[in-house]
Amino acid sequence: MAEHEQYTKLIGLLDERGAQYRVIEHEPEGATEAVSALRGNTLQQAAKCIVVMVKLTKKTKAYVLAVVPGDRRVDLGAVKALLGGVYAGFATTEVAERLAGSVSGTFLPFSFDPELQLVVDPALLEHEELFFNAARLDRSLALRTADYVAIAEPRTAPIAEQAPSASSPPTAQ
């Protein structure tokens with residue numbers, strides 16, 4: 001994959017669709033908490049993108065790009081149940097990077113691979129803007145949430161759970 005191919009593809013798509021976004025340049029960083037501090041956004045506005053492998057049967061599997069708020073973690077049980085699978089776990093780094101088209105820590109909350117199903121936790125969509133690394137460790141985007149939903153057309157489902165190290169108290173469900 002070309003070094004910034006996914007970034008260029010994303011910017012082209014957003015411009016073509018007239019999306020409102022801002023490019024934020026920063027020190028190279030892929031960890032959600034650290035990059036959120038550099039960008040100046042809350043963790044709740046950060047799109048944490050994780051590739052999950054779901055075994056549907058002993059011989060078939062599916063891959064999900066699970067996108068959750070930065071202060072939460074992916075609930076593997078919820079992803080497994082959503083797809084009717086028998087097992088769910090994190091995809092290997094090699095598979096995740098191939099499907100996402102960029103290095104770990106820079107996955108976009110968009111899927112450009114038909115093998116990768118996009119599922120977003122609705123809590124992320126409650127904010128006017130969402131923030132994510134733009135397929136590069138040194139560049140992020142702040143994207144208007146309404147434009148994200150219109151362009152990415154994600155499946156939405158409750159796939160996030162409170163992270164044990166989160167500083168905020170759990171919210172009532």
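This note goes through a predicted model in numbered points, from its sheet to its salt bridges, its nonpolar cores and one annotated region.

1. Five strands form an open sheet with mixed pairing, and their order across it is 5-2-3-6-9. At its edges lie strand 5, at residues 87-90, and strand 9, at residues 155-156, each of which pairs on one side only. As background, the strands of a sheet pair through backbone hydrogen bonds, and they do so either parallel or antiparallel.

2. Strand 3, covering residues 61-69, and strand 6, covering residues 116-120, run parallel and are joined by five bridges.

3. The search of the whole structure finds six salt bridges, of which some are described here. In one of them the side chains of Glu-129 and Arg-22 meet, at 2.8 Å from N to O. This pair links distant parts of the chain, since Glu-129 belongs to strand 7 (residues 129-136) and Arg-22 to strand 1 (residues 21-25), 107 residues apart. Glu-129 is partly exposed, with a relative accessible area of 23%, and Arg-22 is also partly exposed, with a relative accessible area of 41%.

4. Arg-73 and Glu-161 form another salt bridge, in which the closest N and O atoms are 2.8 Å apart. Here too the pair links distant parts of the chain, with Arg-73 in strand 4 (residues 72-74) and Glu-161 in strand 10 (residues 160-162), 88 residues apart. Arg-73 counts as partly exposed at 38% relative accessibility, as does Glu-161 at 27%.

5. Is Asp-147 buried or exposed? Asp-147 counts as buried because its relative accessibility is 12%, which falls under the 20% limit for that class. Asp-147 lies in helix 5, at residues 145-152, and forms a salt bridge with Arg-144, the closest N and O atoms being 3.0 Å apart. Leaving aside residues up to four places away in sequence, Asp-147 touches Gly-18, Ala-19 and Gln-20.

6. In soluble globular proteins, nonpolar side chains tend to be buried together. The largest nonpolar core in this model has 33 residues, and those with the most contacts inside it are Leu-14, Val-51, Tyr-63, Val-67, Phe-110, Phe-132 and Tyr-148. Among the elements that give two or more residues to this core are helix 1 (5-16), strand 2 (47-55), helix 4 (93-100) and strand 8 (139-144), together with strand 3, strand 6, strand 7 and helix 5. Apart from this core lies another, of 15 residues, which includes Ala-62, Val-64, Val-68 and Ile-159.

7. Contacts of Tyr-148. Among the residues that Tyr-148 touches, not counting residues up to four places away in sequence, are Pro-109, Phe-110, Leu-118, Val-120 and Leu-125. The list of its contacts also includes Leu-130, Leu-143, Glu-153 and Pro-154.

8. The annotated region. An unreviewed UniProt entry places the feature "domain: YbaK/aminoacyl-tRNA synthetase-associated" at residues 26-149. In the model, the chain over residues 26-149 is 23% helix and 35% strand, and the C-alpha atoms at its ends are 25 Å apart.

How values were computed:
Residues are numbered from 1 along each chain as its sequence is written. This is a predicted model: local features need pLDDT of at least 70, side-chain atom pairs count only at pLDDT 80 or more; totals for chains, interfaces and linings use all residues. Side-chain values use heavy atoms; hydrogens and water are left out. Two strands pair if DSSP finds at least two bridges between them. Helices (H or I, at least four residues) and strands (E, at least two) are DSSP runs, numbered from the N terminus. Buried means under 20% relative accessible area, exposed over 50%, partly exposed in between (1.4 Å probe, protein chains only). Contact means heavy atoms within 4.5 Å. A salt bridge is a side-chain nitrogen of Lys or Arg within 4 Å of a carboxyl oxygen of Asp or Glu. A nonpolar core is a set of buried Ala, Val, Leu, Ile, Met, Phe, Trp, Tyr and Cys residues joined through side-chain atoms within 4.5 Å. UniProt positions are given in the numbering used here, feature names are shortened, and annotations may be inferred rather than shown by experiment.
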